[in-house]
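The following dialogue is a tutorial on reading a protein model.

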Amino acid sequence: MTRGRPTPFTWVAVPVAGSRRRIAHDLSEPPTRRRSRPRRARRRRSRLMSLPTPSAAHDGDRPPRRASTKPLMPGGDPSAPPTGGGGKTAPRMAQERTPTSFAGAGRRSVIPEATSRPSGTPARGNRPSGPGPLAGRPFAPRPPLPPLRHAADLPPAHTALICAALPGLAISTEQGQLTGQGLDGFYRSGRRLLSRCQVRVAGREPLAVQARMVAADRVRFVGALRASPDAGPDPDVLVERTRHADGTERITLHSAASRPLRLSVEVALGTDLADLGTVASGSPGPELPASVHDSGLRWTGPTGTSAVTADPPPADALASAGLLRWGLELPPGGTWSVELRVRPDGAGAGRAVVRGATSPLAQATATGDDPRAQSLLHACVEDLQALLLRDPSHPSDPHLAAGAPWRCGLAPAEALVAARMALPLGTRLAAGTLRTLARSQLSGPGPHSGMIPGPRRDAGAHLPPGCTGTEATLLFPVLLAEARRWGLPEQETQELLPAAERCLQWLRTAVGDGTYLPDPQPGGPLRCETQAYAHRAALLGADLLDAHGRPGGPGLRQWAGELRTAFRDDFWIEDLKGGRPAAARAPDGRLVPHLGAGAAHLLDTGLLGSGVMAQGLLDRVRTEQLARLLGGPAMDCGWGLRSLGAREAAYNPFGHRGGAVRVQETAVAVTGLAAAGYEKEASSLLRGVLAAAEAFGHRLPEMYAGEQRTEAGSPLPHPAACRPAATAAASGVLLLTALAGIRPDAPAGTVTLRPLRSAPLGEIGLTGLRVAGAPFSVRVSRLGLAMVEEAADGLQLRA
């Protein structure tokens, strides 16, 4: 098997138990340490699990299930002991976590061994057999992962002010002074070019007064001090600092004194030239010695060179102390400024490459009754701009980094998700993302041919890590099909079609003669989310193939129909409350009953032609029940959708997949519920995210705690969440455009509007969107009626 061009990832090396272990800088969350259960407790738990449960009344929300005499162990073998990681280093492109508790973990295979079926059960390929759900017997959680790095060891990011214009970052505290502690500093391409920048005026540090993000790539600090002995309690010098992600900082002094002030200004500088992973581990090393260079200082280390220049040049530059000094006289009401420029290797202007090019994102705006809508949309578009990257060898192909500060590289699945959610801002980002990932697609013979590689991602306490490569491969044809509906030029669609065909061929090969798409790891579960992704990819992929006269469409539709029929029987748990979808199905047929936000993907069916949404895996009755569950208090915390229901045993409001609110999944739920006609539940979740965004200054983090909302309360930030984050920023765009229900069909020259009739934000107007390559504006009235105000010539409104 040969590989295509590998997907770029940024990696972080951190010390673990006296050794060095490499973990992906692309993680969805900081690694956590989980303690193994004592052996005596495991034996006691096994004896308890082996007892039959008399009734479902004693089992909370769990559905009634048949009893069994043996507990389920990893891999479906009741006698198999739990397995843990062996301390191996995770392969760079293969996983984010070490092998899971399922039997055969660590071996590479696509289709697990076929399982036998009980008598009387019709054959359905790889449809799992077995006794089915058992009363009081949830699918056994995987044993603890080997310790990677305790989350508490990571520097907290929730209080940091992060300016991003990738590949540049500037991370500061609210004090404004860069002290070299924690994450403080200017970074470029993951390297800290400057860790310390401390300003003193008249020998004293200004008192911090205010810190405010001006834009996604700029932050403004204001400090004050008393420079005159007769000034009284009032400050008479204002110190303003504007810090840019590109490595520029302007320091300005304003005098409010009644007489001239003679002042000295000192800026103490230093750096360790450490990479971000080393900084995160808490061991960046000592500062490097400085030398006087040009109109500033310069540092040279084994990993490169960094220089700071000042304009105007300082009167004194002391290399031994890392100090630049100016003497000045400020007249009453006068100002004085100096600009510092931080550059690697003595380079020139360091603006991010995307700043000098035309943006692939439209500058959309929102107006209406709720002013928070415009603030959120503006912040989301700015954050997406800040996270744009371009491969220097293919500068015309923009794509998104996953988030700052931890995930400044390309994460294939999340880049595709964000590009799909941002389609209302144009198709150029989608095209660049698709072309970038098409170059990484695996080629040659073998079961992985056509797959887009991606790291493994932790799936919470109840399931082994999942493969984001599977998710990315299934998202690729979906994004191409929907981008075509939004107006991707036909020539670009034709160029990307072969890569989409290879993704669909991989899907058919992985399924084989069976019904379900299996887990890449042998003995892994059949995941509910994965089947939803696969079903959507099959229907939209078939539509794409048919539109271009390519073979394979009928076969994909036939398989999708078989999947629907089987799924409704095999993945639904009946109970007295109306039932629920299972999170996964073990190889022997036992169900994972835990309700999480992943179930919202069952509502995300994808856009076909004529403004029609594709058919889903659930029938109408079960869709209504799922809507009731997602809108209930166990899942809707008032700030958004919890990633795991509050009534589940492993619920943790800060768990990234155990109860925290992940904005991406909330947006998926809102759009899916709205499309299915459940506006009450969709509106509640949308209002919750909008309220949370206001508490975060309208800059949404990728996740925050799922604590229940209270009157006059605020959402609790997650200390390790990325902010800005690509999926969170794109989710804000999707949430607001969902109010208008825009469903374009550019090839047919039509657009359909399905607005929320309840108008949860009152009247709202969205301008500057793009449909069919032209500006598009729409307004939704307080009565929930939508009207197109601007559109491409020839684009017709479809009823």
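This is a predicted model: local features need pLDDT of at least 70, side-chain atom pairs count only at pLDDT 80 or more; totals for chains, interfaces and linings use all residues.

**Reading sheets and packed helices**

Q: How many bridges join strand β4 to strand β6?
A: Strand β4 (residues 168-172) and strand β6 (residues 185-188) run antiparallel and are joined by 4 bridges. Within β6, Arg188 is the residue that stands opposite Gly168.

Q: Which strands stand at the edges, each with a single partner strand, in the open sheet of 3 strands?
A: That sheet has the order β25-β28-β29, again with antiparallel pairing. The edges are held by β25 (526-527) and β29 (591-592); each has a single partner strand, so one side of each is left without a neighbour in the sheet. Strand β28 (residues 584-585) runs antiparallel to β25, and 2 bridges join them. The bridge partner of Leu526 in β28 is Arg585.

Q: How many residues does the hairpin use to join β21 to β22?
A: The hairpin passes from β21 to β22 through 2 residues. Strand β22 covers residues 394-400 and pairs with β21 in the antiparallel sense over 4 bridges. Arg390 has Pro398 of β22 opposite.

Q: Which way do the residues of strand β21 point, and are they buried or exposed?
A: In strand β21 (residues 388-391), Leu388 and Arg390 point one way, while Leu389 and Asp391 point the other way. All of these residues are buried.

Q: How many residues of helix α4 are buried?
A: The count is 10 of the 10 residues, so α4 is largely enclosed by the rest of the structure. Among the buried residues are Glu414 and Arg420, together with Leu416 and Met421.

Q: At what angle do α4 and α13 pack?
A: Two packed helices are described by the angle between their axes and the distance between the axes. Helix α4 (residues 412-421) packs against helix α13 (residues 726-738) at about 20 degrees, and their axes are 8 Å apart. Because angles under 35 degrees count as roughly parallel, α4 is roughly parallel to α13. The crossing of these two helices is left-handed. From α4, the contact involves Glu414, Val417, Ala418 and Met421; from α13, Ala726, Thr727, Ala730, Ser731, Val733 and Leu734 take part. By class, the residues of this contact are 7 nonpolar, 2 polar and 1 charged.

Q: How far apart are the axes of α4 and α6?
A: The axes of α4 and helix α6 (residues 468-486) are 8 Å apart, with a packing angle of about 25 degrees. The two helices are therefore roughly parallel to each other. Their crossing is left-handed. Residues of α4 in the contact include Pro412, Leu416 and Arg420, and those of α6 include Thr468, Leu475, Phe476 and Glu482. This contact has 10 nonpolar, 1 polar and 3 charged residues.

Q: How many helices and strands are there in the chain?
A: The chain has 13 helices and 37 strands. Of its 799 residues, 59% count as buried. Among contacts between residues at least 6 apart in sequence, 66% join residues at least 24 apart.

Technical notes. Residues are numbered from 1 along each chain as its sequence is written. Side-chain values use heavy atoms; hydrogens and water are left out. Two strands pair if DSSP finds at least two bridges between them. Axes are lines fitted to C-alpha atoms, for helices over the stretch in contact, and angles run from 0 to 180 degrees between N-to-C directions. Angles under 35 degrees count as roughly parallel, over 145 as roughly antiparallel, 65 to 115 as roughly perpendicular and the rest as oblique. A crossing is left-handed if the near helix is turned anticlockwise from the far one by less than a right angle, and right-handed if clockwise. Contact means heavy atoms within 4.5 Å. Ala, Val, Leu, Ile, Met, Phe, Trp, Tyr, Cys and Pro count as nonpolar, Asp, Glu, Lys and Arg as charged, and the others, Gly among them, as polar. Buried means under 20% relative accessible area, exposed over 50%, partly exposed in between (1.4 Å probe, protein chains only).
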